[in-house]
Amino acid sequence: MVQHLAVFVKVVEKENFSKAAEELHMTQPAVSQYIRTLEESIGTRLLERSNKYVRLNKAGEIVYHHAKEILALYTKMQSLVDDLTNKASGPIAIGASYTFGEYILPHIIARMQEQYPLISPSIKIQNTKEIIELVKMHQLDIGIIEGFFKEDTLNSEVVSEDKMFIVAPLGHHLLTEKRDKRMSDLAEETWILREEGSGTREAAENLFRMYDFIPKKILEFGSTQLIKESVEAGLGISLLSRWAIKKELTNGYIGLINVQGLPFKRNFSILTHTSYQTKALTTFIETLRGYLA
């Protein structure tokens with residue numbers, strides 16, 4: 001039945017029987033037979049078919065949602081059994097929010113692969129809110145988020161502190177003025193921020209509340225890289241992690257505004273399930289802690 005669910009999920013994601021068959025290295029009739037058998041077992045049709053598309057019906061949406069979770073749990077079960085050989089090996093699904101995922105995680109993965117080449121990581125980068133949901137649904141073995149999350153269904157542990165700074169384009173008047181700045185001096189500036197649900201956006205809003213401060217104008221952009229490019233282009237200022245702005249500061253593309261009370265500090269946290277962890281996962285966590293120490 002696990003194989004039937006895997007085929008079903010692939011058909012849904014490819015929206016096409018032939019494309020699913022090609023990726024699964026199966027014939028199209030074999031894929032069709034798997035789907036028919038699954039539908040007979042469930043007792044109802046799961047897909048609406050036409051010459052142009054394959055789509056989920058209401059029953060299919062329910063099965064697809066739970067099939068993803070079942071397949072993730074089955075993979076974890078196999079990994080736990082493999083752990084009995086006492087080798088750190090097998091797949092591990094890692095999710096991270098954008099700052100950690102784009103600027104820190106690649107270095108941790110590289111270090112782990114040098115020492116444990118039998119571990120096969122897959123990585124998903126989303127905003128903090130989405131990573132939390134994917135861990136809850138067992139789509140990820142571990143999530144690394146900005147801030148802290150507390151809920152009984154998941155383990156949450158702070159693994160590092162992150163310092164955040166206000167950045168501006170070169171030549172900006174707040175960079176050229178030598179006096180110490182206050183947050184009130186930034187009231188008339190355009191702030192470029194991430195979208196709602198992002199840990200970086202949450203940090204900025206916490207900063208504003210801390211200083212009883214409301215920006216006159218906010219531009220909302222969907223990625224840190226876009227924000228950095230926009231700051232460099234002169235569109236406005238932003239609050240960004242020190243990890244995200246290393247290269248830009250080194251190369252002199254942007255500058256730091258020295259504001260009293262900064263840098264602003266937040267945490268990076270890891271989220272895992274309360275159940276037993278595979279050896280591959282514990283090895284990754286140990287590597288992560290070592291890198292951030």
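Which helices and strands each supply at least two residues of the lining of the largest pocket? Keep in mind that this is a predicted model, and then look at four elements: α1 (2-14), α4 (58-82), β3 (90-96) and β4 (119-125). Of these, α4 gives the largest share, with 9 residues in the lining.

The pocket itself has a volume of about 750 Å³. It is lined by 28 residues, and if you want to centre your view on it, go to L71, A72, T75, A93 and Q139, the closest to its centre.

Now move back to the start of the chain. The UniProt record, an unreviewed entry, carries the annotation "domain: HTH lysR-type" for residues 1-57. In the model, that span is 63% helix and 11% strand, and its end C-alpha atoms lie 20 Å apart. Inside the span you'll find Y53, sitting in the loop between β1 (47-49) and β2 (54-56). Is Y53 buried, exposed or partly exposed? Its relative accessibility is 33%, so Y53 counts as partly exposed, given that buried means under 20% and exposed means over 50%.

Next stop is strand β11, residues 264-273. Here 8 of the 10 residues are buried, so the strand is largely enclosed by the rest of the structure. Which strands does β11 pair with? One of its partners is β6 (residues 154-169), which runs antiparallel to β11 over 10 bridges. You can pick out this pairing at D162, which stands opposite R266 of β11. Another partner is β5 (residues 142-146), also in the antiparallel sense, over 5 bridges. There, I142 has T272 of β11 as its bridge partner.

Finish with helix α12, residues 279-292. This helix has 14 residues and reaches 20 Å from its first C-alpha to its last, close to the 20 Å expected at 1.5 Å a residue. Which of its residues are buried? The list runs A280, L281, T283, F284, I285, T287, L288 and L292. When you read the spacing of such a list, remember that an α-helix has 3.6 residues a turn, so residues three or four places apart point the same way.

Conventions
Residues are numbered from 1 along each chain as its sequence is written. This is a predicted model: local features need pLDDT of at least 70, side-chain atom pairs count only at pLDDT 80 or more; totals for chains, interfaces and linings use all residues. Side-chain values use heavy atoms; hydrogens and water are left out. On a 1 Å grid over the protein atoms alone, a cavity is a set of points where a 1.4 Å probe fits but cannot get out, and a pocket is an open set with protein on both sides within 12 Å along at least five of seven lines; lining residues have an atom within 4 Å of a point. Grid points are joined across faces, edges and corners, and a volume is the space filled by probe spheres set on the points. The expected span of a helix is 1.5 Å times one less than its number of residues. Buried means under 20% relative accessible area, exposed over 50%, partly exposed in between (1.4 Å probe, protein chains only). Two strands pair if DSSP finds at least two bridges between them. UniProt positions are given in the numbering used here, feature names are shortened, and annotations may be inferred rather than shown by experiment.
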